[in-house]
Amino acid sequence: MGRIVYLNGEFLPEEDARVSIFDRGFLMADGVYEVTTVIDGKLIDFDGHFARLERSLGELDMTNPMTRDVWLDVHRQLVARNEVEQGMIYLQVTRGASGDRDFVFPDPASTPPTVVLFTQANPALVDSPKAKKGIRVISIEDLRWGRRDIKTVQLLYPSMGKMMAIKAGADDAWMVQDGEITEGTSNNAYIIKDGRIITRGLSTDILHGITRAAVLRFAQEAQLPVEERSFTLDEAKAADEAFVTSASTFVMPVVEIDGSPLGQGTPGPLTTRLREIYIEESRKAAL
Ligand code: PMP
């Protein structure tokens with residue numbers, strides 16, 4: 001693919017970037033990540049992602065290995081070196097490789113974190129064929145651990161959920177805990193009923209989406225009523241519209257839940273409007 005990636009202070013061709021087999025990200029999923037979107041060669045909500053990275057690291061007793069300005073510079077250099085117009089930048093920080101396997105955290109003074117970043121070009125983010133049609137979701141039980149607010153690289157269950165959806169002929173899965181939707185496998189979940197936008201409140205049950213925060217802010221600015229509360233699977237199936245948000249999909253319409261079509265079975269008007277507002281406003285504020 002010929003990508004230039006970043007590993008521990010160096011920009012390298014992807015085939016030359018190597019990480020130890022003792023890396024705790026590899027052995028124990030002991031690491032965190034972020035995904036920042038690039039539109040027009042610029043970063044969407046960089047500071048939101050940086051703030052969440054700091055929080056995730058702090059919750060795991062890790063220190064941030066670089067300042068905001070260095071992170072920003074590395075992101076920008078990767079965009080430039082790989083000529084990314086539209087796509088994503090993936091970053092990962094693990095607790096490093098102490099040279100052995102041990103449940104006890106290594107001393108950070110002798111085991112520095114492993115820092116990896118790479119680009120993923122995707123020219124169809126804004127003009128997404130999926131967003132025009134909407135996606136179909138199935139519901140699955142939420143079997144993840146209890147600290148979903150930390151953006152760890154431990155993504156096996158979300159990955160299994162996505163596979164369950166694909167096997168069922170759908171696009172994605174919404175996870176259900178005690179009859180209520182938590183979130184999608186890699187996105188936050190919303191329904192719209194009688195003009196009200198409803199999404200689960202923030203807690204350790206879900207990831208605090210950076211796109212979620214922006215979309216709720218834009219909705220309030222556009223005087224669209226928002227309710228941050230849990231909603232049930234039955235409520236979702238009876239909703240007028242539904243959608244998910246994430247850095248790479250923005251606002252993505254959901255048109256079917258467990259085989260039941262929502263509204264007309266096509267992307268709803270409020271969802272479509274929110275997607276337009278989100279893309280327009282985010283583009284204006286991009287760094
Ligand atoms: N929830 C989960 C479980 C996710 O994996 C993601 C995307 N990483 C999100 C929500 C959306 O977060 P963001 O808007 O910051 O991409």
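Mentor: On a 1 Å grid over the protein atoms alone, a pocket is an open set of points with protein on both sides within 12 Å along at least five of seven lines. We're looking at a predicted model, where local features need pLDDT of at least 70, side-chain atom pairs need 80 or more, and totals for chains, interfaces and linings use all residues. Numbering starts from 1 along each chain as its sequence is written, and side-chain values use heavy atoms, leaving out hydrogens and water.

Trainee: Okay, which pocket does the ligand take up?

Mentor: Start with the shell: 18 residues surround the ligand (a heavy atom within 4 Å). As for the space the ligand takes, that's the largest pocket.

Trainee: And where does the ligand lie relative to the domains?

Mentor: Look at who supplies the shell, with bounds from an automatic or database domain assignment. Both domain 1 (4-121) and domain 2 (129-285) give residues to it, so the ligand lies between domain 1 and domain 2.

Methods:
On a 1 Å grid over the protein atoms alone, a cavity is a set of points where a 1.4 Å probe fits but cannot get out, and a pocket is an open set with protein on both sides within 12 Å along at least five of seven lines; lining residues have an atom within 4 Å of a point. A molecule sits in a cavity or pocket if more than half of its atoms lie within 2 Å of its grid points.
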